[in-house]
Amino acid sequence: MTYVSFPVSRKKDFTAIGRLCIDLNANEINRPMEETMTFTKYVGGSPANITIGMSRLGMETAFIGKIAGDQMGRFIQSYLEKNGIDTSNVVKDDTGAVTGLAFTEIKSPTDCSILMYRDNVADLLLQAQEVQEQLIADSKVLLISGTALAQSPSREAVLQALTYAEKHGTVIVFDLDYRPYTWTSDEETAVYYNLAAEKCDIILGTREEFDMMETFDHNPDHSDQVTAQKWFDFSANIVVIKHGKEGSIAYTREGLSHRADSYPAKVVKTFGAGDSYAAGFLYGLMQGWTIERSMAYGSGAASIVISSHSCSDAMPTVEQVNDYIERCNRGEITVS
């Protein structure tokens with residue numbers, strides 16, 4: 001059964017809008033950040049990582065965002081271009097804004113944290129008039145992420161992009177990507193998340209992220225079914241609610257729920273799993289696969305990324321995901 005119909009004959013398979021930043025991942029793992037002396041630089045930001053993931057899987061991709069007019073901004077643009085991502089709507093800031101930095105701490109494979117520097121960042125200065133309507137019209141999918149809704153003018157830019165996507169029948173995906181330190185209150189967050197989610201065809205997030213969105217709703221038992229049904233009353237066709245180690249559940253408008261197998265991994269760190277999962281899952285849906293197969297593919301991609309030091313650099317190709325899943329099925333990878 002096809003739960004989402006993607007438009008055909010478009011120049012781009014996938015376009016994302018939002019955060020472009022730098023990840024600085026600790027080289028000295030299994031120790032606190034206070035004792036960490038060296039870091040490796042990667043391109044980061046959830047929508048950027050998902051776009052890189054889609055590009056590695058062979059999709060025609062583009063990005064809408066704003067970068068600082070400095071060395072870090074040039075590094076981001078160059079990296080996207082080297083990965084085959086159209087940067088024609090990546091705008092250069094001229095106000096002196098900086099690139100957001102995310103320092104990652106890897107105390108253990110299961111104890112990881114992120115220290116973010118998000119003051120006066122360029123990605124939150126994208127303006128509505130800088131969003132190219134034609135690029136969205138030429139795309140099968142537009143992905144938005146919650147962080148870009150945190151401040152103006154980026155907030156208005158995302159809402160304008162949603163308007164263009166609705167106008168041209170572009171499938172809209174919402175990666176909730178909730179980062180509390182970029183918002184002023186739960187109430188503000190819930191209002192803007194809900195406003196955006198009403199327009200989206202596919203919504204992906206953790207149970208905790210959906211709880212935040214339900215600040216004004218009555219769902220005391222944190223019921224996944226109640227959560228999903230709310231969005232089916234709007235535009236959503238698929239709602240994926242992630243429960244950490246317990247796995248993910250995908251709900252569909254027809255009232256069905258879907259689970260898929262996860263795969264073992266020799267875990268180095270936990271971050272990056274959601275981005276690689278999203279790329280693999282959306283790739284599968286765009287191939288016309290079942291939801292279960294798409295979810296399993298996302299899980300395979302996620303296992304590869306959490307087994308690696310980086311997020312963006314580790315985004316796998318189709319061949320790598322297929323090989324990983326086959327090796328797991330043969331019992332060659334058993335550590336979880």
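I began with Asn25, and in this predicted model I found that Asn25 stands opposite Thr40 in β3. Looking at the strands around that pair, I noted that β2, which covers residues 21-26, is joined to β3 by six bridges, and that the two run antiparallel.

Next I looked up the sheet that holds these strands. I read its order as β3-β2-β6-β7, an open sheet of four strands with mixed pairing. I wrote down that β3 (39-44) and β7 (111-117) stand at the edges and have a single partner strand each, so one side of each is left without a neighbour in the sheet. From one strand to the next, I recorded a twist that averages 25°.

I then followed the loop between β2 and β3, where I located Asn30. I marked Asn30 for its positive phi of about 65°, although Asn30 is not a glycine.

I placed Ser9 in the segment before β1 (12-17). Is Ser9 buried or exposed? I found a relative accessible area of 76% for Ser9, and since exposed means over 50%, Ser9 is exposed.

I turned to the other sheet, which is open and has nine strands in the order β5-β4-β1-β8-β9-β10-β11-β12-β13, with mixed pairing. At its edges I found β5 (85-92) and β13 (257-258), each with a single partner strand, so one side of each is left without a neighbour in the sheet. Within this sheet I checked β10 (residues 202-206) and β11 (residues 238-242), which pair in the parallel sense over five bridges. I noted Ile241 in β11 as the bridge partner of Gly205.

In the loop between β8 (139-145) and α4 (154-168) I came to Pro153. The peptide bond from Ser152 to Pro153 is cis, and I recorded its omega as near 5°.

Why do I call α9 largely enclosed by the rest of the structure? I do so because 14 of its 16 residues are buried.

Last, I looked for cavities and counted one of 30 Å³ or more. About 30 Å³ of space lies in the largest cavity. I listed its lining residues, among them Leu20, Lys66, Ile76, Gly100 and Asp123, and I noted that the lining divides into six nonpolar, two polar and two charged residues.

Notes. Residues numbered from 1 in each chain as written. Predicted model: local features only at pLDDT ≥ 70, side-chain atom pairs only at ≥ 80, totals over all residues. Heavy atoms only, no water. Buried < 20%, exposed > 50% of the residue type's maximum accessible area, 1.4 Å probe, protein only. 1 Å grid on protein atoms, 1.4 Å probe; cavity = no way out; pocket = protein on both sides within 12 Å on 5 of 7 lines; lining within 4 Å. Points joined across faces, edges and corners; volume = space filled by probe spheres on them. Nonpolar A, V, L, I, M, F, W, Y, C, P; charged D, E, K, R; others polar. Pairing = 2+ DSSP bridges. Axes fitted to C-alpha atoms, helices over the stretch in contact; angles between N-to-C directions.
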